[in-house]
Amino acid sequence: MNKNAFLSELSRKLRRLPREDYDDAINYYNEYFLDAGIDDSEDVTPLVGTVDEVAKTILDDCTEKQFEKVKTEGGVKNSTKAVWLVILGIFAAPVALPLAIVAVALIFAILVTIFAVVFSLVIASAAVAFAGLVAIPAIFWATTPAQGMVIAGFSLMGIAIGILLCIAFYKLGEVIVKGIIKLVRNISKSPKSSNKKDAPYQQGGEV
């Protein structure tokens, strides 16, 4: 396979990557072939590997980078991107398509279940905080100062507990999702070959 066919096929396999990662990968191999002086008729497969191998390596590296981002920054957006990269990695792995579809469906079902449970817990916690907030006006109907202080105390306590539970359940959901994605990522990751090519892809690295 010459460099033009290689780049065309690699572009097709990576088209669902986030734009920044896609551009980095394609530019990397464009520059590598240019610096290596590869002509249009030369077979590049012995030099860099097959398109499938290269695409899988790129997906692995992008996913690793995204996991680091999830660890340091967290957030729904980063976690969602990590899930998407894991799914792309599963389809890029050398497994039968039906198995890949089953694996992705299983991941989706687990994540939806977790989201539903965590969302329900967060809503329940928000309801506790809201109940505490709604109870505050009752202070003005208290018959004694002591009764007013008790109502105020319970109201503020309800608000504080509700807010703390919301944050705690949200963080718990993030931790569980990260754990599941990491587990699936490790299971689906293909073993690294001991015979590396001369141009291993390193995201953001020099050619």
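Begin by selecting L165, whose place is in helix α7, where helices (H or I, at least four residues) and strands (E, at least two) are DSSP runs numbered from the N terminus. At 33% relative accessibility, L165 counts as partly exposed, because buried means under 20% relative accessible area, exposed over 50%, and partly exposed in between, with a 1.4 Å probe and protein chains only. The model is predicted, with local features needing pLDDT of at least 70 and side-chain atom pairs counting only at pLDDT 80 or more, while totals for chains, interfaces and linings use all residues. Residues are numbered from 1 along each chain as its sequence is written, and side-chain values use heavy atoms, with hydrogens and water left out.

**The surface around L165**

**The whole chain**

Now zoom out to the protein chain, whose secondary structure comes to seven helices and zero strands, and which reads α-α-α-α-α-α-α along the sequence. Of its 207 residues, 34% count as buried.

**Helix α2**

Select residues 19-35 next, which make up helix α2, a helix of 17 residues that reaches 24 Å from its first C-alpha to its last, close to the 24 Å expected at 1.5 Å a residue; the expected span is 1.5 Å times one less than the number of residues. Show the side chains of D21, Y22, A25, I26, Y28, Y29, Y32 and F33, which are the buried residues of α2. Seen down the axis of α2, these buried residues fall within an arc of 150 degrees, so they line one face of the helix, the arc being that of the directions from the helix axis to the C-beta atoms. On the other side of α2, R19, E20, L34 and D35 are exposed.

Staying in helix α2, pick N30, which is partly exposed with a relative accessible area of 35%. N30 and L7 lie 23 residues apart in sequence, and their C-alpha atoms are 7.7 Å apart in space. Just after α2, G37 takes a positive phi of about 65 degrees.

**The nonpolar core**

Where do the side chains of the core come together? The largest nonpolar core has 24 residues, and those with the most contacts inside it are F6, L10, L17, Y29, F33 and I58. A nonpolar core is a set of buried Ala, Val, Leu, Ile, Met, Phe, Trp, Tyr and Cys residues joined through side-chain atoms within 4.5 Å. Colour α1 (3-13), α2, α3 (45-48), α4 (51-73) and α5 (76-92) to see the elements that give two or more residues to this core, to which α2 gives the most, with seven residues.

**Charged pairs**

The next stops are salt bridges, each a side-chain nitrogen of Lys or Arg within 4 Å of a carboxyl oxygen of Asp or Glu, and by this rule the count comes to four. Select D40 and K3, which form one with their closest N and O atoms 3.7 Å apart; the pair links distant parts of the chain, D40 in the loop between α2 and α3 and K3 in helix α1, 37 residues apart. D40 counts as partly exposed at 45% relative accessibility, whereas K3 counts as buried at 17%.

Then move to K13 and D52, whose closest N and O atoms are 2.9 Å apart in another salt bridge, joining helix α1 to helix α4 across 39 residues of the chain. K13 is partly exposed at 35% relative accessibility, and D52 is partly exposed at 45%.

Being four residues apart in helix α2, they are separated by about one helical turn; D23 is partly exposed at 28%, and R19 is exposed at 59% relative accessibility.

**Last stop**

Finish at E42, in the loop between α2 and α3, which is partly exposed with a relative accessible area of 35%. The C-alpha atoms of E42 and N4 are separated by 10.0 Å, although these residues are 38 residues apart along the chain.
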